Amino acid sequence: MRFVKFVLLLFITTIIFSGCASVVLEPADFAWPIESVLTIDENGMIQENRYSFSLNVKPLFQAEKQDTTDLQMETVRIIRGTKGYYYLIAPTFKNVYVFNADDGRLVLINKIFISEAGLELPAFNQRKPYIELLDGDKHLHFINSYGIKESESEK
């Protein structure tokens, strides 16, 4: 009888804890195939309907330019890398900003310095496993969430 109770208790415990096991779905690729060029509205928001994505970019412009007074009609370029990080830049920015999604917001994880003069025509391309940064037609760097790729051995 004692053995039956032990087996029953063991069975119930196994069922309870098996429901608590985490589920991991991998591999996962979060990359957007191409960048989005989004215009800032009168409230400082950008919106990408294709991905059901909207974002207030006023804090980004405050961090980069220390100014948010006239953002309407400015554009922001955004792309999502394979690991799920969001990369943002805008014309005249000196930095690429890398964000991670966290509970209904994007949190800055890295600010990658690019140029003291800022970029005139920044653009992103998906070049797995990196994001390619261009200024007009000119290739500048391959970047990831850690920064600028320095050499082929960093893959």
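Author: Along the sequence, the chain follows the pattern α-β-β-β-α-β-β-β-β-β-β-β-β. That comes to two helices and 11 strands. Keep in mind that this is a predicted model.

Reader: How many of the residues count as buried?

Author: The chain has 155 residues, and 35% of them count as buried. The cut-off for buried is under 20% relative accessible area.

Reader: What makes Asn-144 buried or exposed?

Author: Its relative accessibility is 18%. Buried means under 20%, so Asn-144 counts as buried. Asn-144 sits in strand β10. Setting aside neighbours within four places in sequence, Asn-144 touches Tyr-87, Ile-112 and Tyr-130.

Reader: How do you know that the side chain of Asn-144 makes a polar contact with Tyr-146?

Author: Look at the distance. A polar atom of the Asn-144 side chain lies 2.9 Å from the backbone nitrogen of Tyr-146. The limit for a polar contact is within 3.5 Å.

Reader: What is Ile-148 called: buried, exposed or partly exposed?

Author: Ile-148 belongs to strand β11. Its relative accessibility is 24%. Buried would need under 20%, and exposed would need over 50%. The value lies in between, so Ile-148 counts as partly exposed. The C-alpha atoms of Ile-148 and Ile-112 are 7.4 Å apart, although the two residues are 36 apart along the chain.

Reader: How do you know that β10 and β11 are paired?

Author: Count the bridges. Pairing needs at least two. Two bridges join β10 (residues 138-144) to β11, and these strands run antiparallel. So they qualify as a pair. Across the pair, Ile-143 stands opposite Ile-148 in β11.

Reader: Which strands make up the open sheet, and why are some called edge strands?

Author: The open sheet has four strands, in the order β8-β9-β10-β11, with antiparallel pairing. β8 (122-127) and β11 (147-148) each have a single partner strand, so one side of each has no neighbour in the sheet. That is why they stand at the edges.

Reader: What makes the lining of the second largest pocket nonpolar or charged?

Author: Sort the lining residues by class. They divide into 10 nonpolar, one polar and no charged. Among them are Leu-55, Asn-56, Pro-59 and Phe-99. The pocket's volume is about 160 Å³. Helix α2 gives the most to its lining, with three residues.

Reader: What makes the backbone at Gln-66 and Asp-103 worth a remark?

Author: Most residues other than glycine have a negative phi. Gln-66 has phi near 55 degrees, a positive value. Asp-103 also has a positive phi, near 50 degrees. Gln-66 is in the loop between α2 and β4 (75-80), and Asp-103 is in the loop between β6 and β7.

Reader: How do you know that Gln-66 and Asp-103 are exposed?

Author: Exposed means over 50% relative accessible area. Gln-66 has 54%, so Gln-66 is exposed. Asp-103 has 76%, so Asp-103 is exposed too.

Key: Residues are numbered from 1 along each chain as its sequence is written. This is a predicted model: local features need pLDDT of at least 70, side-chain atom pairs count only at pLDDT 80 or more; totals for chains, interfaces and linings use all residues. Side-chain values use heavy atoms; hydrogens and water are left out. Buried means under 20% relative accessible area, exposed over 50%, partly exposed in between (1.4 Å probe, protein chains only). A polar contact is a pair of N or O atoms within 3.5 Å; within protein, one must be able to donate a hydrogen and the other to accept it, and residues adjacent in sequence count only if both atoms are side-chain atoms. Contact means heavy atoms within 4.5 Å. On a 1 Å grid over the protein atoms alone, a cavity is a set of points where a 1.4 Å probe fits but cannot get out, and a pocket is an open set with protein on both sides within 12 Å along at least five of seven lines; lining residues have an atom within 4 Å of a point. Grid points are joined across faces, edges and corners, and a volume is the space filled by probe spheres set on the points. Ala, Val, Leu, Ile, Met, Phe, Trp, Tyr, Cys and Pro count as nonpolar, Asp, Glu, Lys and Arg as charged, and the others, Gly among them, as polar.
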